[in-house]
Amino acid sequence: MTVSTADAASAPPDQSPGGHPQRWLILAVICLAQLTVLLDNTILNVAVPSLAREMDARTADIQWMINAYSLVQSGLLLTAGSAADRYGRKKLLVAGLALFGIGSFAASMARDPGQLIAARAGMGIGGALLMTTTLAVVVQVFDAGERAKAIGLWGAVSSLGFAAGPLIGGSLLEHFWWGSIFLINIPVALLGLVAVVWMVPESKAPTSDRPDLLGALLSTVGMTGIVFAIISGPEHGWTSSRVLLSAFIGVTVMTGFALWERHIPYPMLDMHFFRDRRFVGAVAGGILVAFGMGGSLFLLTQHLQFVLGYDALDAGLRTAPLALVIVALNLTGVGARLLPKLGTPVTIVGGMGLLAAGLAAIATLGAHGYGGMLFGLVVMGAGIALAMPAMANAIMSAIPPEKAGVGAGVNGTLTECGNGLGVAVLGAVLNSRFGSLLPAVATGAGSLPAALAAARTPEDREAVADAFASGVETSQLVGAAAVLAGGVLAALLLSRAERSSQEAPAA
């Protein structure tokens with residue numbers, strides 16, 4: 001989330017000793033809007049079986065329904081934050097709520113995968129505007145004495161929103177059709193519009209660089225090309241012209257994006273940050289935590305419903321421990337208290353090691369029952385709660401204070417990309433493994449329901465189910481290995497950076 005260092009200076013004078021007189025009500029509205037935006041990153045996962053059945057959607061279609069939102073949002077986060085500073089945070093917050101509500105209505109009315117993907121992309125634009133203005137408004141309406149408490153509550157709600165999507169989605173799907181997971185956003189958006197117009201004061205940065213529109217376009221196109229290649233690989237072959245062309249376009253455009261950002265005076269992503277090992281280490285850890293969370297939740301809901309046989313509501317309820325552990329440990333500040341005792345590198349590698357261990361436990365102990373999965377979810381939650389505060393502290397200490405808002409924006413953008421890539425990469429591993437183990441009668445099926453429909457005997461159906469379960473297990477183990485490697489890499493970079501800073505005075 002991008003928060004300019006000029007936020008405090010540009011805010012209007014406090015209207016009461018604690019800040020804005022309606023600050024806690026404003027915070028409630030902001031948190032509700034933030035919760036809705038973050039829920040939309042994961043709430044669609046539990047609707048996968050319904051979408052596959054009612055829209056005849058293939059696995060690649062479903063991955064695009066999920067990725068369209070996060071990829072558009074991540075590509076626009078920094079540009080949206082710059083536009084908010086320039087044109088007014090209240091104006092952009094209103095625009096974000098309106099776009100998010102309109103996109104939610106369009107998504108609920110979609111009749112085919114293409115319409116839903118387009119609606120989700122539109123929601124991503126609104127989500128980018130909301131995520132870059134909500135924290136700025138919190139900073140604006142609270143004074144220094146209460147600001148830390150307010151931001152702490154905002155952060156806890158953010159963690160809850162990311163992990164509780166499957167639970168809320170499952171509850172809605174138990175009683176309504178799949179479009180209800182989008183319609184529920186509309187009353188929230190309308191309430192937010194009224195509350196923002198009525199209560200939130202306008203603010204602008206005294207000076208603001210113009211939005212980096214070309215940078216936003218390049219990053220969005222580049223990420224889309226790379227993820228499209230990853231999604232298409234299992235179905236069309238990794239050496240097919242379709243996959244190679246999209247990968248080439250993605251890598252080339254992302255290279256152009258990096259060069260563009262280095263040579264303009266108003267970059268969306270300041271490439272100089274990547275010269276600092278502390279920043280690189282913390283960002284690498286943040287991307288892979290998001291990779292592990294996004295990909296694992298995509299796999300977990302399918303594991304619970306397709307492999308263990310739970311319905312949508314029961315699947316959502318059984319992912320709730322992950323959310324509860326994260327929120328409980330964030331609210332009590334366990335990670336923040338351990339950080340000075342253990343040090344940043346040890347805290348990060350410990351937290352990401354726990355996250356990897358949780359994923360591996362789910363893959364191995366939870367293959368045939370919920371008991372092992374519950375253990376894995378609790379361990380994952382503890383790891384996330386431990387690693388995230390340490391990584392945030394590392395990023396903020398690696399950059400000048402006047403660039404703190406830009407650093408937070410970079411972290412938010414890359415974390416969103418990590419979430420989308422987690423779904424794409426682990427989904428691709430699932431597809432590849434599943435396809436390679438299918439019995440001959442179901443060869444070429446693009447999803448588990450299609451493969452089961454092609455199976456003609458109980459033995460064939462059992463073989464299809466076993467192939468899918470093996471694909472899920474392999475994907476979770478790949479995710480665990482990636483997260484663990486990221487934790488070790490982050491810790492090594494941070495340790496070297498700390499040693500270099502300690503040796504510098506002596507030199």
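Here are some questions and answers about the model.

Me: Before we start, what kind of model is this, and how are residues numbered?

Reply: This is a predicted model, where local features need pLDDT of at least 70, side-chain atom pairs count only at pLDDT 80 or more, and totals for chains, interfaces and linings use all residues. Side-chain values use heavy atoms, with hydrogens and water left out, and residues are numbered along each chain as its sequence is written, starting from 1.

Me: OK, which elements give two or more residues to the nonpolar patch?

Reply: The patch is on the surface and is formed by L214, L217, V221, L245, F248 and I249, with about 550 Å² of accessible area together. To join such a patch, a residue needs over 30% relative accessible area and no salt bridge, and nonpolar side chains (Val, Leu, Ile, Met, Phe, Trp, Tyr) are joined within 5 Å, while like charges are joined within 9 Å. A salt bridge here is a side-chain nitrogen of Lys or Arg within 4 Å of a carboxyl oxygen of Asp or Glu, and areas come from the Shrake-Rupley method with a 1.4 Å probe, with only the protein chains shown counting as cover for residues. The elements giving two or more residues are helix 10 (213-236) and helix 11 (241-262).

Me: Is L214 buried, partly exposed or exposed?

Reply: You'll find L214 in helix 10; helices (H or I, at least four residues) are DSSP runs numbered from the N terminus. Buried means under 20% relative accessible area, exposed means over 50%, and partly exposed is in between (1.4 Å probe, protein chains only). L214 has 38% relative accessibility, so it counts as partly exposed.

Me: And L269, buried or exposed?

Reply: L269 sits in the loop between helix 11 and helix 12. In space, L269 is 8.3 Å from G215, C-alpha to C-alpha, though they are 54 residues apart in sequence. Because its relative accessibility is 10%, L269 counts as buried.

Me: How is helix 12 oriented relative to helix 15, parallel or antiparallel?

Reply: Axes are lines fitted to C-alpha atoms, for helices over the stretch in contact, and angles run from 0 to 180 degrees between N-to-C directions. The axes of helix 12 (residues 277-307) and helix 15 (residues 344-365) come within 11 Å and cross at roughly 20°. Angles under 35 degrees count as roughly parallel, over 145 as roughly antiparallel, 65 to 115 as roughly perpendicular and the rest as oblique. So helix 12 and helix 15 are roughly parallel.
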